[in-house]
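I am opening my notebook on a new protein.

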Amino acid sequence: SYGTTDLQGALTLAGENIGMRVNAADFRSDGYRANNQLTQRNLLADVRSLGRDGHVYAKLALDRQDLRNPGQLTFAALALDRRGTATPLDFRSREGARIDLGGSLNAGPAELAANFAYRKQETAAFFCAFGADINNEIDSVAFSPRARIAHRLGGFSHTLVGGIDLEEGNLDRNVSGAFFAG
């Protein structure tokens with residue numbers, strides 16, 4: 001209904017010590033109202049290697065979403081056309097990518113692990129009534145090393161976990177139009 005299609009696919013390959021997974025999706029709909037289309041695409045790829053002394057992995061995720069905004073209708077406009085639009089030019093879009101690399105190493109009673117992640121996201125929106133054009137670009141990097149040590153104390157088994165999350169991000173925002181300029 002409303003011109004909706006939803007396509008999804010998955011592929012998983014695995015051996016004794018290595019595995020790969022890929023998921024993809026494509027969703028499209030015209031929506032109930034005029035200027036209410038939605039398109040969304042996603043891709044996720046994950047490769048892992050499992051060893052006797054630890055594991056390593058790499059992940060890649062990509063996404064894109066485009067959405068048209070029909071706006072609010074008055075009661076009078078609803079009575080004339082329930083599916084109409086008050087804002088035929090308004091839209092929002094988002095595009096992103098993420099890469100994760102990590103793994104762990106077993107060293108006696110300790111497990112050492114780390115994860116590195118990079119993310120980029122771009123968003124755009126236009127609101128005609130306000131004459132506003134909004135564009136954001138976000139870049140972030142994270143590094144998370146940690147250690148886990150199993151031990152016995154007082155006749156009981158315990159696990160000590162320690163780590164740190166280091167993150168840095170940057171937001172570049174560009175807004176035009178008198179309403180949102182402040």
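**Entry 1: the nonpolar patch.** I began on the surface. Strand 4, strand 5 and strand 7 each supply at least two residues of the nonpolar patch. I then listed the members: Leu43, Leu60, Leu62, Ile99, Leu101, Phe116, Val141, Phe143, Ile164 and Leu166. Together they have about 780 Å² of accessible area. I also placed one of them, Leu166, in strand 9, which covers residues 166–176.

**Entry 2: the largest pocket.** Next I looked for empty space. Rolling a probe the size of a water molecule over the atoms shows where such space is left. The largest pocket has a volume of about 160 Å³. Strand 4 (54–68), strand 5 (91–107), strand 6 (110–127) and strand 7 (132–153) each give two or more residues to its lining. Which strand gives the most? I found that strand 6 does, with four residues.

I wrote down the lining residues too. They are Gln65, Leu67, Arg92, Ser93, Arg94, Thr123, Ala124, Ala125, Phe127, Ile134 and Asn136. Sorted by class, the lining has five nonpolar, four polar and two charged residues.

**Entry 3: confidence.** I noted that this is a predicted model. Where pLDDT is low, the predicted coordinates should not be read in detail. I therefore checked the mean pLDDT of the protein chain, because pLDDT is the predictor's confidence in each residue: the mean is 94. I also saw that 97% of the residues reach 70 or more. Among the elements, strand 2 (residues 18–29) has the highest mean, 98. Helix 1 (residues 75–80) has the lowest, 93.

Conventions: Residues are numbered from 1 along each chain as its sequence is written. This is a predicted model: local features need pLDDT of at least 70, side-chain atom pairs count only at pLDDT 80 or more; totals for chains, interfaces and linings use all residues. Side-chain values use heavy atoms; hydrogens and water are left out. pLDDT is the predictor's confidence in each residue, from 0 to 100. On a 1 Å grid over the protein atoms alone, a cavity is a set of points where a 1.4 Å probe fits but cannot get out, and a pocket is an open set with protein on both sides within 12 Å along at least five of seven lines; lining residues have an atom within 4 Å of a point. Grid points are joined across faces, edges and corners, and a volume is the space filled by probe spheres set on the points. Ala, Val, Leu, Ile, Met, Phe, Trp, Tyr, Cys and Pro count as nonpolar, Asp, Glu, Lys and Arg as charged, and the others, Gly among them, as polar. Patches are made of residues with over 30% relative accessible area and no salt bridge: like charges are joined within 9 Å, nonpolar side chains (Val, Leu, Ile, Met, Phe, Trp, Tyr) within 5 Å. Accessible areas come from the Shrake-Rupley method with a 1.4 Å probe; for residues, only the protein chains shown count as cover. A salt bridge is a side-chain nitrogen of Lys or Arg within 4 Å of a carboxyl oxygen of Asp or Glu.
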